[in-house]
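Below is a short briefing on strand pairing and core packing in one protein model. Please read it alongside the sequence and coordinates.

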Amino acid sequence: MRKLFIILCGVILLAGCKKDNDEPVKKDTQRTVMVYISGDNNLSGAAISDIQEMQAGAAGIPSDGRLVAFVDLNDSKPFIAEIKNDKRQPVDTLYKYSTDFYASDPNLFSEVLERVAGLCPSKEYGLVLWGHGSGWLVEKDTIAQHRAYGIDETGSGSGGKWMNITQMASALKDLQTKNVMPKLSYIFADCCNMMCVEAAYELKDVTEYMIGSPAEIPGYGAPYNLIVPMLFKSGSNMYRGIIDTYYDYYADFDNLNYVERSRWPYMKDGYSVPLSVIDTKYIGALANMTHDMLERAQGGYPQYPKSPDLSSIAFYCYNSFSYWPVDVMYDMRAIMERLLSAADFTTWDSIYQQAVPYYRMSMKWMTEFYEQYQAFSTFDPNLKYGCVSMFTPREGQGYSYGALPLNQTVQNFAWSRIIDWTRFGWE
C-alpha cells in the first residue's frame with residue numbers, strides 16, 4: 001500500500017498545471033485519443049503502471065495527435081491529463097475535479113468526454129475504455145451492480161457501481177447529436193468480455209470500429225508503451241497494429257513478470273489473448289444474415305425448451321455473478337458453423353468476414369476462474385473461431401431462473417430483438 005501511495009504521488013506531481021506562458025493549445029489536431037481510466041477499484045495499481053507505460057510510449061504520438069486520460073483512482077479526486085512526448089513534463093493536468101464521483105455514471109461519463117472535447121478540439125476522436133468489463137451482462141439500472149463496464153467503488157461499503165453498455169451508447173450518441181464530437185474513429189475496449197456482438201451492435205452508431213477481447217484480459221492490460229503509436233493510425237493499420245501488438249506481447253512468455261509466469265504457466269506454450277475488431281458499418285448486415293440463417297439451421301433451430309448443442313465450442317466467460325454460475329459468451333462463428341450446412345455457413349461467413357475483418361484466436365488465456373481454466377482442455381481446436389461471442393438462449397438454472405435470468409436479460413439489447421429468439425419459443 002505504501003509503495004502504491006508513493007507511485008501515485010509521483011504520477012500526480014508529474015501532472016503539473018498549465019501556466020499562462022505555456023505554449024498555446026494545438027488548433028489543428030487530427031486525432032485526440034481519450035483514455036477513460038475507471039480505476040477506482042482493485043485496478044488502481046495497474047492504472048498507475050499503465051499511465052507510466054503511456055509516458056514511455058509518448059514518443060509515438062504524432063505532431064497532430066493528442067493523448068488525454070481521464071483518471072479515477074482509489075482515494076483521490078479524478079483529473080484529466082494530457083500525456084505528452086515531453087521529458088520535462090510528460091503528464092500535464094488539464095482539469096482537476098473538486099469532488100470524487102462515480103465514473104460509471106453515464107451522465108458523468110458524458111460530461112467528462114464533453115470536457116475533453118472542449119479542452120482538446122480535434123477533427124476525430126478515439127476512445128480507450130480502461131477498467132473492468134463484462135459485455136452484455138447487464139442489469140436494468142442506469143448504474144448497475146455486478147455487470148457491464150467500469151466498476152467504481154467510490155464510497156465505503158458501496159459494493160461498486162457499473163455502467164450498462166446501452167447507457168454508454170446513449171451517452172455517446174447524445175454527444176454526437178449535440179455536435180460535441182463526431183462519430184468515434186474507434187473504441188478500444190481494454191477490459192474483459194467486451195467483444196460480444198450484442199455490445200458491438202449497441203455501439204454501431206457511435207463508433208466506426210470496436211476493438212478488444214471476447215475473453216478475460218490480463219490484469220495489466222495492453223502494453224501501452226508499444227500500443228500508443230497504433231492508437232493514432234487509421235483503418236486496418238490501426239486495428240491490426242493494436243491487435244498484433246497486444247497479442248504478440250502476451251504470446252511471448254518472456255514478457256511476463258515472475259508472478260504471471262508462475263500463475264499462468266500454460267502461457268509459455270504460445271497462448272495469448274483472443275482479440276478482434278468489428279467494422280460497425282457491416283454489423284447490420286451481419287444481424288440480418290444471422291437472423292435469416294438461423295431459420296436454415298440443420299434440423300431446424302432447437303425449439304424451447306431444447307437447447308442448442310454448444311459442447312466443445314469455446315466460451316469466453318464464466319458468469320460467477322449468477323445465483324447459478326454458468327458458461328456464457330460462446331464463440332459466434334463456431335456456433336454458426338455447428339448449426340449450419342457447409343454451404344450456408346460459407347454464405348454467412350462471407351458477411352462475418354466483412355463485419356469482423358481481423359482477429360487472432362487463442363485457445364487459452366489468463367483467467368481468474370478455475371472452471372474456465374478446466375474448460376480449456378474441452379475446446380475443439382478444429383472449429384472455425386472468430387473471436388466474437390454471441391448469446392444463444394438455453395434451458396438451465398442460470399439461463400432460465402433466478403433474479404436475473406440470462407434469457408430475459410439479453411433482450412435488453414437490440415441485437416437480440418433483431419435475431420428474435422422468441423420465434424423459437426424463447427420468451
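Strands β6 (residues 124–130) and β10 are parallel partners, joined by five bridges; pairing requires at least two DSSP bridges between two strands. Strands (E, at least two residues) and helices (H or I, at least four) are DSSP runs numbered from the N terminus. This is a predicted model: local features need pLDDT of at least 70, side-chain atom pairs count only at pLDDT 80 or more, and totals for chains, interfaces and linings use all residues. Residues are numbered from 1 along each chain as its sequence is written, and side-chain values use heavy atoms, with hydrogens and water left out.

**Strand β10 and its partners**
- Leu129 has Ala189 of β10 as its bridge partner.
- β10 also runs parallel to strand β11 (residues 209–212), with three bridges between them.
- In β11, Gly212 stands opposite Ala189.
- From β10 the chain passes through helix α5 (residues 197–202) to β11 in a right-handed β-α-β crossover (clockwise from the first strand over the helix to the second, with the strands pointing away from the viewer).

**Burial of β10**
- Five of the five residues in β10 (residues 186–190) are buried (under 20% relative accessible area, 1.4 Å probe, protein chains only).
- In a regular strand, side chains alternate between the two faces of the sheet.
- Tyr186, Phe188 and Asp190 lie on one side of β10, Ile187 and Ala189 on the other, and both faces are covered.

**Nonpolar core**
- The largest nonpolar core has 146 residues (buried Ala, Val, Leu, Ile, Met, Phe, Trp, Tyr and Cys joined through side-chain atoms within 4.5 Å).
- Among the members touching the most others are Phe188 and Leu172.
- Leu172 touches residues including Phe109, Leu127 and Ile187, leaving aside those up to four places away in sequence (contact means heavy atoms within 4.5 Å).

Methods. Buried < 20%, exposed > 50% of the residue type's maximum accessible area, 1.4 Å probe, protein only.
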